[in-house]
Structure formats: C-alpha cells, structure tokens
Amino acid sequence: MLPIEVQRAPTPKPKPSTEGLGFGKYFTDHMFRMDYSPDRGWHQARILPHGPLGLDPGASVFHYAQAVFDGSKVFRGKDGQLRAFRITDHCKRLASSAERLSMASVPHEVAREAIEALVKVDADWVPNAPATSLYVRPVVIASEAFLGVRPSDKYIFYVILSPVGSYFSNGAEPVRIWVEQRYTRAAPGGLGGAKAAANYAAGLQAAVDAKKRGYAQVLWLDALEHKHIEEVGTMNLFLRIGDEIITPPLEGTFLPGITRESALTLLRDWGMKVSERKLSIDELREAHKKGQLREVFGTGTAAVISPVGALGFQDGELKIGDGKVGEVSQRLYDTLTGIQYGTVPDTHGWMTVIK
Ligand SMILES: *Cc1c(COP(=O)(O)O)cnc(C)c1O
C-alpha cells in the first residue's frame, strides 16, 4: 500500500448543478500528486487541494512536450455505489504512453491506488443524475528545468477529477463529420499509439477548420496515402457495411481505445460479424452508393458511442443510414452505460467498486 499523505481543502467548493455540468468545466476539491527524481524514484504521494503545480518556466514539458495523460470515469450506480470502468486497463495505458515518450512511467498498481484514494476523498463529487459521472484525468509531465534535448530527469504524476454531464446535451444525436484530406494527425512510427498531449495539438487546426465548414469533428485518414480510415476526432471509429462491422486495425497510428476494445468484445459476444481491417474511402463510397453503409460511430470514454449522421467531402456529403442513431450504436451505448451504472450484468469484470 502506497503511503499517501492527505491535506484537506480548508473550505470545500460549492458543487455545480448537474444540468450545467458539460465536459471538464469543473474540478473537485482535491488532486493527487507524486514526484519523480532519479535518486528517489516516485516519492511523496499526496492528496492536496486542487491548485497550481508550481513549475519552473524552463520545465521541459513546456519546450519538448513530454506530456501524457489518460481519461476514465467513475459512475454512481442506482444502488449508490461508485464504480470505476476498466481502471487497471487505463492505468496500464498511461504507463505505456509514458514509456513511448521516454518518460518515467507510473506502475499501473500505483496509479490505480492513487486514483482510488483520490476518488474516495472526493466521493461526494460523483454526480448521480442520469448520464453523469466523474471523469478521472491522470497526467504525467516532465518537470526538470533544463533546455538540452534529452528526456527529463524529473517528472510529476498528478490526477485531477471533473464531474461531467452527458457529452451530448440532447442525447446522442448523430453528428456531421468532415473527411480530412489535407492535415494528418499521426504517421507510422510516430506518437499516435500513445495518449500524448502533442497528438492533440497536431489535431486542433483541422478541427477548427471543420467547425468553420459546419462540421463537428474530422475523420482522419492515414498519413501516407490519405486513403484509409483511421479515427474520428479523438475517438476510435466503427462502420457497419451490410452486416459486417468494421474498425481499423491497431497499427500504432492511433490509440488502442478501451471503449473500442469493449465494443469489440460485446459485438463478438452477440455473435456479430466483426472485422479489424483496413477500409479505404473508395470502399466506403462504394458501399454508400449501393445503400450498404448503415452506421458509422465513434467510441471513446467521454461520449461512449458517438453516432455519425453525415460525412462531408469536397464534392458533397454522404448521409449515413436514415439520419437517426443506428441499431448497433444504440445497443452498444445502452449495454456499455448499463454495465457502467450497474444495471446490466458485468460479465467481463470491467467494473471496480470503490468504497
Ligand atoms: C482517448 C482516445 C481515444 C479513446 O480511447 P478510450 O480508451 O476509449 O477513451 C481514441 N483516440 C484517441 C486519439 C484518444 O486520445
């Protein structure tokens, strides 16, 4: 057991109303922090009031972007119990993201203990309105003040918490997505397989341009040929063509999403035909022409399942299905959220009760 010093916030903040939660706008009273140095390793685990970290302006995170994070959720069930979704998998991914960026990685057991201890301290921040949850954001950053280009010697691991509402204000309405043929997000051999802050910086301009065109997000194509489908915004992507459900294979250019893996597991449980394979824009257009492109949806922790209603190209728009949420999208959403809130049996052992 990790010794964690707890320093409580002198005055708790007022809690926001559950209607206006949105995503990531509010933070709880406390955060977890632990520091790394070569001589001491990870040390001084502590829970303290949410507040500034106090970094030197020379800290290498500001110059060379050694920063990784993860994102998972804790849910308050109908029975009042708090449940974390696939917490160990999220902590393992944080460790592998840090390794990809040559950073000190936090052993997954330690990260998990830190998160559970923090959630217990801020347990009354887990909202209980439908479709709300507590978003958990663990982060590792390089903190050594040094301008030479090499991996930092010092790191900070911290965890912050944010009560969040439903990602979509009016339920899961299908969104319009721009098929991005100019910018790319991650090339083979790059950082795409890690949850690195730098990947997000690389994607912002395309998202801004897509918004100007009236689209909610972009669909990313592969960086080499701009031909194969990779991800949608910051979510993994699934398509249903006829009775085949297709998602691109993990080849290091995008994140191995935990929601993706959960969706694949459920689809296989249900006996559906599932393929992890490459899919080109030409094949997608062809399927659409034949009336076989039935559903497109994104998967990710924040929105769980995000249905896509239309794909925009320079030469026009493809409408997906009948413009409503598709049947597979809906079934996945209902099952995953049911497991998360404890109303559907958790046959895969994905939930951890925090008490
Ligand atoms: C976080 C993330 C996802 C989704 O992963 P989940 O584990 O399902 O939340 C997908 N793509 C990118 C680029 C991401 O950063």
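This is a predicted model: local features need pLDDT of at least 70, side-chain atom pairs count only at pLDDT 80 or more; totals for chains, interfaces and linings use all residues.
**Exercise 1.** Find which domains the assignment gives for the protein chain, and how far apart their C-alpha centres lie.

*Solution.* Begin with the bounds: the domain assignment gives domain 1 as residues 5-165 and domain 2 as residues 175-341. Then take the C-alpha centres of domain 1 and domain 2, which lie 27 Å apart. Turning to the contact between them, domain 1 contributes 26 residues, while domain 2 contributes 20 residues.

**Exercise 2.** Work out what area is buried between domain 1 and domain 2, and which residues of domain 1 lose the most of it.

*Solution.* The buried area comes to about 2,000 Å², and carbon and sulfur atoms give 61% of it. On the side of domain 1, the residues that lose the most area to domain 2 are Phe 69, Phe 85 and Arg 93, which together account for 30% of what that side buries.

**Exercise 3.** Determine how many salt bridges and how many residue pairs in polar contact are found between domain 1 and domain 2.

*Solution.* For salt bridges, the rule finds one across the interface of domain 1 and domain 2. To check a pair, apply the cut-off of 4 Å between a side-chain nitrogen of Lys or Arg and a carboxyl oxygen of Asp or Glu: Arg 86 and Glu 261 form a salt bridge, with their closest N and O atoms 2.8 Å apart. For polar contacts, the count between the two domains is twelve residue pairs.

**Exercise 4.** Describe the side of domain 1 that touches domain 2, by element and by residue class.

*Solution.* Among the elements that each supply at least two residues to this side are β4 (67-69), β6 (82-85) and α2 (87-100). Of the elements, α2 gives the most, with five residues. Sorted by class, this side of domain 1 has ten nonpolar, seven polar and nine charged residues.

Conventions:
Residues are numbered from 1 along each chain as its sequence is written. Side-chain values use heavy atoms; hydrogens and water are left out. Domain bounds come from an automatic or database domain assignment. Contact means heavy atoms within 4.5 Å. Buried area is the accessible area (1.4 Å probe) that two parts lose on being put together, summed over both. A polar contact is a pair of N or O atoms within 3.5 Å; within protein, one must be able to donate a hydrogen and the other to accept it, and residues adjacent in sequence count only if both atoms are side-chain atoms. Helices (H or I, at least four residues) and strands (E, at least two) are DSSP runs, numbered from the N terminus. Ala, Val, Leu, Ile, Met, Phe, Trp, Tyr, Cys and Pro count as nonpolar, Asp, Glu, Lys and Arg as charged, and the others, Gly among them, as polar.
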